[in-house]
Amino acid sequence: MSHIKISKLSFHYENSNQNIFSNLNLDLDSSWKLGLVGRNGRGKTTFLNLLCGRLQGLGDIQSDLTFSYYPVQIKNPEEITLFELQNQVAFEEWKLERELNMMHMDPALLWQPFNTLSGGEQTKVLLALSFTDRDAFPLIDEPTNHLDEDSRSQIAAYLNKHDKGYIVVSHDRSFLNQVTDHILAIENKEIHLYQGNFATYEDTKHRRDEFNRKKNEKLKHQISNLNRQKVQFHNWAASIEAKKHIGMKTQYILNRRSRVNGAVIGHEAAKMMKKSLSARNRMNKRIEAKKGLMTNIEKISTLTMNFQPNYHQNLLEIKDLSLSFKDGKKLFHNLNLNIKNSGIVAIKAKNGSGKTSLIRFLLKQLKDFQYSGKCDLIKGLKISYLPQGFVEYTGTLKDFAKVQKISYEELLNNLKKMGFSRNTFDTPIEEMSIGQQKRVALAKSLVEPANLYLWDEPANYLDVFNQDQLINLLQTVKPAMLLIEHDQYFIDQVAAQKVNLNCEKY
């Protein structure tokens, strides 16, 4: 058993004066299967890079472990997979084959060019690479993106076959519940360690946040009372000062019992003013002390959506639709579904079965294909499309809004709610991280007016907070939507109907 001991660790990037971590102290056991969670941009990948030495911060990281990292960067995707991986990491071929066999994958895949492997196959090969050295401690960053439910289950089963620990970053609740026994959560620039899986973490965090909300409400009430007392002291002192000026002008005033000389009034007023000032200073200190006791709770802001229900009852009707390419490759057959002017229909299918092709078919973007069956889409609908990839999105946000003919202010508003930092607003989209690009694409779809939404894997690259924002929004608005998604929790929360590509309801 080894430990990773982190002492007084601070880090910020050269182009920023804001720390990602400040005086971080942790003691991690290498036997733990640790899930690393937190909002996008809060430092999860940075933390992994600090551990494996790719980044250097102030402070100390002590460990006798060597680290492996998923995913390694593929520099030549046209190269034979085995050779390309050996160019990146030193390993023995039989060890990689051993790991692939544990995932029930054919080791013959290693002799294909990397770019000929499916997305799921690429993920599994790169993950297996992380475990070839059984003495290394794996750091695993987002292994489930774009994987179907079966592939996610296979990877979860594979990780559970290993007795030794690892750190895994993921936003898939179900996956984390299967593969973790500890959670490391980045919250408000602090890191909190929880024993248990993600469900345990969520329950503990919910109860802690609820306690802190009640405590904050009590403190707010106390602060309000102190401010009211401070105002009363101020008004009382002002009243005394006014009497002083009246006394100096008339040389006497009449109080309840007798006439008092103006000089006496002046002396008494000065004493009262001094007493009032002292009381207000004490009040200010007590108010600041109360404010210091308040806990900063991460809030989930409410997103907005420019959904415009169409007057037609049925927007899209598909009957016995079969789709294939002209080269003979069949995608799916006998699909039946009906999308009304309100409500979300989710499609379930394995990778490569034609989900994205279906959307491109509806958008008339699919080439060299043939189909049979019926597909009736109401003409003139305003359709908002959220694609898987965002390579076509470029330029600054201001230019992007102009090209897309959407409100720049509303785009920024939704991005702020999704945790976008202001210093990113002037960054060209093509230079943003994939998580940032995803939120730009999502904000764009939310802003543009639409009668029907075609969303392709919206939960990918989004942290749980952003996912919850979307879930709350979709549950409230109930827009007309065709949804492609592999995250079962997300589907269960928002879908009114679930259909697979063999037209069977599930």
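What follows is a set of questions and answers on this structure.

Mentor: This is a predicted model, in which local features need pLDDT of at least 70 and side-chain atom pairs count only at pLDDT 80 or more, while totals for chains, interfaces and linings use all residues. Residues are numbered from 1 along each chain as its sequence is written, and side-chain values use heavy atoms, with hydrogens and water left out.

Trainee: How many helices and strands does the protein chain have?

Mentor: Helices (H or I, at least four residues) and strands (E, at least two) are taken as DSSP runs, numbered from the N terminus. On that basis the protein chain has 14 helices and 19 strands.

Trainee: What percentage of the residues in the protein chain is buried?

Mentor: Buried means under 20% relative accessible area, exposed over 50%, and partly exposed in between, with a 1.4 Å probe and protein chains only. Of the 506 residues in the protein chain, the buried ones make up 46%.

Trainee: Which elements do the buried residues of α4 pack against?

Mentor: Helix α4 covers residues 119–130 and reaches 17 Å from its first C-alpha to its last, close to the 16 Å expected at 1.5 Å a residue, where the expected span is 1.5 Å times one less than the number of residues. The helix is mostly covered, since 9 of its 12 residues are buried, including G120, T123 and K124. With contact meaning heavy atoms within 4.5 Å, the buried residues of α4 pack against β5 (66–70), α2 (81–88), α3 (93–102), β6 (136–141) and α5 (149–160).

Trainee: How many residues apart in sequence are the parts that the pair of F67 and F137 ties together?

Mentor: Rings of Phe, Tyr and Trp (its six-membered ring) pair if their centres lie within 6.5 Å, and planes under 30 degrees apart count as stacked, over 60 as edge-to-face and the rest as tilted; by this rule the count comes to 14 aromatic pairs. F67 and F137 form an edge-to-face pair, at 6.0 Å centre to centre and with 90° between the planes. Because F67 lies in strand β5 and F137 in strand β6, the pair ties together parts that are 70 residues apart in sequence.

Trainee: Is F67 buried or partly exposed, and is F137 buried or exposed?

Mentor: F137 has a relative accessibility of 4% and counts as buried. F67, with a relative accessible area of 24%, is partly exposed.

Trainee: What kind of pair do the rings of F361 and F369 form?

Mentor: F361 is buried at 11% relative accessibility, whereas F369 is partly exposed at 23%. Their ring centres are 5.5 Å apart and their planes stand at 85°, so the pair is edge-to-face.

Trainee: How far apart are the C-alpha atoms of L321 and L501?

Mentor: L321 is found in strand β12 (residues 314–325) and is buried, with a relative accessible area of 0%. Not counting residues up to four places away in sequence, L321 touches several residues, among them F332, L358 and F361. L321 and L501 are 180 residues apart along the chain, and their C-alpha atoms are separated by 9.6 Å.
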